[in-house]
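Please prepare a briefing on the structure shown below.

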Amino acid sequence: MKVLNCANCGANLKFNSGDPVTICGFCDSVNILENIKLKIEQPLSSSNDGPPNFIEDLKPRILLPQLSYRAKFRQGEYIGILGKFLISNTEIFFKPGKFNWGDLSDKYMKIVNINNMSIKKLGLATQLTITDINGKEMRIVHSFLDFTNIKLNEVVSEINIRKNNLV
Ligand SMILES: [Zn+2]
């Protein structure tokens, strides 16, 4: 496997191929794994007049949260994970509080891809369902019993503001 280094502290990052995001085990930074195009330099001796060659490579970038709330991520029917819901300029991410983070790809979404948000009551809790253009769903829960402080209506309007700025 390729070695990638944390964009904040330089420590080796653990990730699985295809992961859009990983968390540095050393400094706890959220690293977005972006595909970048690298130009391959042509050897001087080759007389190549064609277009330059590019290869795709992975590069980590730190997610810079502008807003952060304590919240619960609903996984399946019965599992709730406590952690932080983060909103940056261009993406949202639920960062689990425990060290064994599990699959992070279902906890990350680009704001430009979000096409629906709806809030409903779940007994004493409130749930925000965020859906993207690929049909992926994130369910974020506010519940007084878990001492979450997320304001779901505020999250919806903050995401909408960013989405309108991106379009
Ligand atoms: Zn780090």
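**Structural briefing**

Leaving aside neighbours within four places in sequence, Ala71 is in contact with Gly83, Lys84, Phe85, Ile140, Val141, His142, Thr148 and Ile150 (contact: C-beta atoms, placed from the backbone, lie within 7 Å). This is a predicted model, in which local features need pLDDT of at least 70 and side-chain atom pairs count only at pLDDT 80 or more, while totals for chains, interfaces and linings use all residues. Residues are numbered from 1 along each chain as its sequence is written.

**Nonpolar core**
- Ala71 belongs with Phe85, Phe93 and Ile140 to the residues with the most contacts inside the largest nonpolar core, which has 28 residues.
- Such a core is a set of buried Ala, Val, Leu, Ile, Met, Phe, Trp, Tyr and Cys residues joined through C-beta atoms within 7 Å.
- Two or more residues each come from β1, β2, β4 (67–75), β5 (79–87), β6 (91–96), β7 (108–110), β9 (125–132) and β10 (137–143).
- Domain 1 (1–62) and domain 2 (67–166) each supply at least three residues to this core.

**Overall make-up**
- The chain has 10 strands and 1 helix, and its elements run β-β-β-β-β-β-β-β-β-β-α from the N terminus.
- Helices (H or I, at least four residues) and strands (E, at least two) are DSSP runs, numbered from the N terminus.
- Of the 167 residues, 23% count as buried (20 or more other C-beta atoms within 10 Å of the residue's own, with C-beta atoms placed from the backbone).
- The C-alpha trace spans about 70 × 35 × 25 Å along its principal axes.

**Three-stranded sheet**
- An open sheet of 3 strands has the order β1-β2-β3 with antiparallel pairing (strands pair if DSSP finds at least two bridges between them).
- β1 (21–23) and β3 (53–62) stand at the edges with a single partner strand each, so one side of each is left without a neighbour in the sheet.
- Strand β2 (residues 30–40) pairs with β3 over 10 bridges in the antiparallel sense, and Lys37 stands opposite Glu56 in β3.

**Domains**
- The chain is divided into domain 1 (1–62) and domain 2 (67–166), with bounds from an automatic or database domain assignment.
- The centres of the two domains, taken over C-alpha atoms, are separated by 27 Å.
- The contact between them takes 6 residues from domain 1 and 6 residues from domain 2.
- On the side of domain 1 that touches domain 2, the largest share, 3 residues, comes from β1.

Definitions and conventions. Two residues are in contact if their C-beta atoms, placed from the backbone, lie within 7 Å. A residue is buried if 20 or more other C-beta atoms lie within 10 Å of its own, exposed if 12 or fewer, and partly exposed in between; C-beta atoms are placed from the backbone.
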